Amino acid sequence: MSKTLVAYFSASGATERLANTLADAAGGELYEIKPASPYTNADLNWNNKQSRSSVEMNDKAARPAIAVPVENMAQYDVVLVGFPIWWYEAPRIVQTFLESYDFSGKTVIPFATSGGSGMGKTASILEKSCPAAKVLPGKKLSASASMSEVSSWVKSLGL
Ligand SMILES: Cc1cc2nc3c(=O)[nH]c(=O)nc-3n(C[C@H](O)[C@H](O)[C@H](O)COP(=O)(O)O)c2cc1C
């Protein structure tokens, strides 16, 4: 039996909702990727080029700090990692997360919520942050995706 972690970053609650459903569907443990410095509404303003999210997303090297690490990452075989799509990819803090652990022998599966965009190049960008992992393409789902929809996606992964 493989052991699953459902790690997620959620700035405004949508991805958190989905992560809860996914943790039930996949029988995984939940871990929130909490920023050391939480994002304010002003930080999330994509119309402002100077906002924190704009500045971070324009800087490929930005790695916002995480408040609390995962306890014993070694025990997990599968890591589902969820986030909102920001500017067609994953927020930089997801790269902070993936660069914080040894993912040798683990399967990493991205999942996301968005205002409409799909996964785009998300998985291939994240792959560079955890080169030892097997990274699957992942999926964008609705925050309010039903248990049966999420379960059938999990089943299709053949974990
Ligand atoms: C800074 C920022 C950039 C975003 N960029 C995109 C985008 O490129 N495409 C899209 O469909 N939605 C975009 N969104 C919308 C979020 O992906 C969407 O609202 C998501 O469900 C929020 O998840 P959360 O509540 O877990 O933070 C963006 C939101 C923010 C705050």
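Begin by selecting residues 4–159, the range that UniProt lists, in an unreviewed entry, for "domain: Flavodoxin-like"; UniProt positions are given in the numbering used here, feature names are shortened, and annotations may be inferred rather than shown by experiment. The model is predicted, and local features need pLDDT of at least 70, side-chain atom pairs count only at pLDDT 80 or more, while totals for chains, interfaces and linings use all residues. Residues are numbered from 1 along each chain as its sequence is written.

Within the selected span, 28% is helix and 17% strand, and the end C-alpha atoms of residues 4–159 lie 9 Å apart (helices, H or I of at least four residues, and strands, E of at least two, are DSSP runs numbered from the N terminus).

Next, display the ligand together with the 21 residues around it, of which Ser-10, Ala-14, Thr-15, Pro-84 and Gly-115 come nearest (a residue counts as near if its C-beta atom, placed from the backbone, lies within 6 Å). This shell has 10 nonpolar, 10 polar and one charged residues (Ala, Val, Leu, Ile, Met, Phe, Trp, Tyr, Cys and Pro count as nonpolar, Asp, Glu, Lys and Arg as charged, and the others, Gly among them, as polar). Its largest share, three residues, comes from helix H1, residues 14–26.
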